[in-house]
Amino acid sequence: MEAVGERGNLARVGHILLVLSGKGGVGKSTVSTELALALRHAGKKVGILDVDLCGPSIPQMLKVQGKGVHQCDSGWVPVFVDQDKSISLMSIGFLLEKPDDAVVWRGPKKNALIKQFISDVTWGDLDFLIVDTPPGTSDEHISTVESLRPYKPLGAVLVTTPQAVSIGDVRRELMFCKKTGLRVIGIVENMSGFVCPHCLECTNLFSKGGGEELARHAGVPFLGCVPLDPQLTQSLEEGRDFIQEFPKSSAFPALAHIAQQILDRTF
């Protein structure tokens, strides 16, 4: 049995889950955040590690932008986003002098920070650590997967939208998982339909079913479809509390179902 000390700051993390996408703009960071909230709603304690170094949007979603990261003897203390301290977050967004500062770094410096995030953040007791990765299959992904390998991640959730271009990119992400030995927990089809805020009818603005078909062809689980919810988007734009607004969203039942499938795979 592995000694607790060998796992360092991840010693008391139950399961590590990576969220991947083949391209940008598919709502990967939103799905990561919503999944964390859905797991929290199921009574789990969750951490989010935002390694999307060039686009750290999760601090703004959770209304913790501008918070400072403190150090303790064991490393960095993540930012708690709720009073119950049931969700903690670490992001490069907390380390920038200004929110609009661009991260203009070459690969080695990015990879060094990713490794530091994985080893030096004191998460404490967590049921799940969700790792929000950049789009694509770059050097940063390899660094993330290799750094997490000793901690035996539960696997990866792949996010796509219904369009053929996005689905083609996810095929490459599936190949990345195969080559790196990362288990695919399943595929999520995001932005699958538009929920009218007035009549609550769901209309397919794009196509539908591409993610499910891809999962069937690839032989991996299809976790579900998540609709576009303009009311949830508006709440984010207006700076309302995402944690309070999310359970009212039409996307919540879909994410709760996805979270339950992930929980079922941990037994």
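1. Basis. The model is predicted: local features need pLDDT of at least 70, side-chain atom pairs count only at pLDDT 80 or more, and totals for chains, interfaces and linings use all residues. Residues are numbered from 1 along each chain as its sequence is written, and side-chain values use heavy atoms, with hydrogens and water left out.

2. Overall fold. The protein chain has 9 helices and 11 strands (DSSP runs numbered from the N terminus; helices are H or I of at least four residues, strands E of at least two). Its radius of gyration is 18 Å, close to the 18 Å from the globule rule for 267 residues, so the chain is as compact as a globular protein of that length. That radius is taken over C-alpha atoms, and the rule is 2.2 Å times the number of residues to the power 0.38. The C-alpha trace spans about 55 × 40 × 40 Å along its principal axes.

3. Of the 267 residues, 52% are buried (under 20% relative accessible area; exposed is over 50%, partly exposed in between; 1.4 Å probe, protein chains only). Among contacts with a separation of 6 or more, 78% join residues 24 or more positions apart. A contact means heavy atoms within 4.5 Å.

4. Helix 4. This helix covers residues 139-148; 7 of its 10 residues are buried, so it is largely enclosed by the rest of the structure. The buried set is E140, H141, S143, T144, V145, S147 and L148. These residues pack against strand 1 (13-21), helix 3 (107-120), strand 7 (126-132) and helix 5 (164-180).

5. K110. This lysine sits in helix 3. Leaving out residues up to four places away in sequence, K110 touches L53, C54, W105 and E140. E140 is also one of the buried residues of helix 4.

6. Second largest pocket. It holds about 300 Å³ of space. Of its 18 lining residues, P56, Q65, G93, L96 and P99 are the closest to its centre. By class, the lining has 9 nonpolar, 5 polar and 4 charged residues.

7. UniProt, in an unreviewed entry, places a "binding site" feature at G22, K23, G24, G25, V26, G27, K28 and S29. Such annotations may be inferred rather than shown by experiment. G24 is partly exposed at 38% relative accessible area, whereas G25 is exposed at 68%.

Methods
1 Å grid on protein atoms, 1.4 Å probe; cavity = no way out; pocket = protein on both sides within 12 Å on 5 of 7 lines; lining within 4 Å. Points joined across faces, edges and corners; volume = space filled by probe spheres on them. Nonpolar A, V, L, I, M, F, W, Y, C, P; charged D, E, K, R; others polar.
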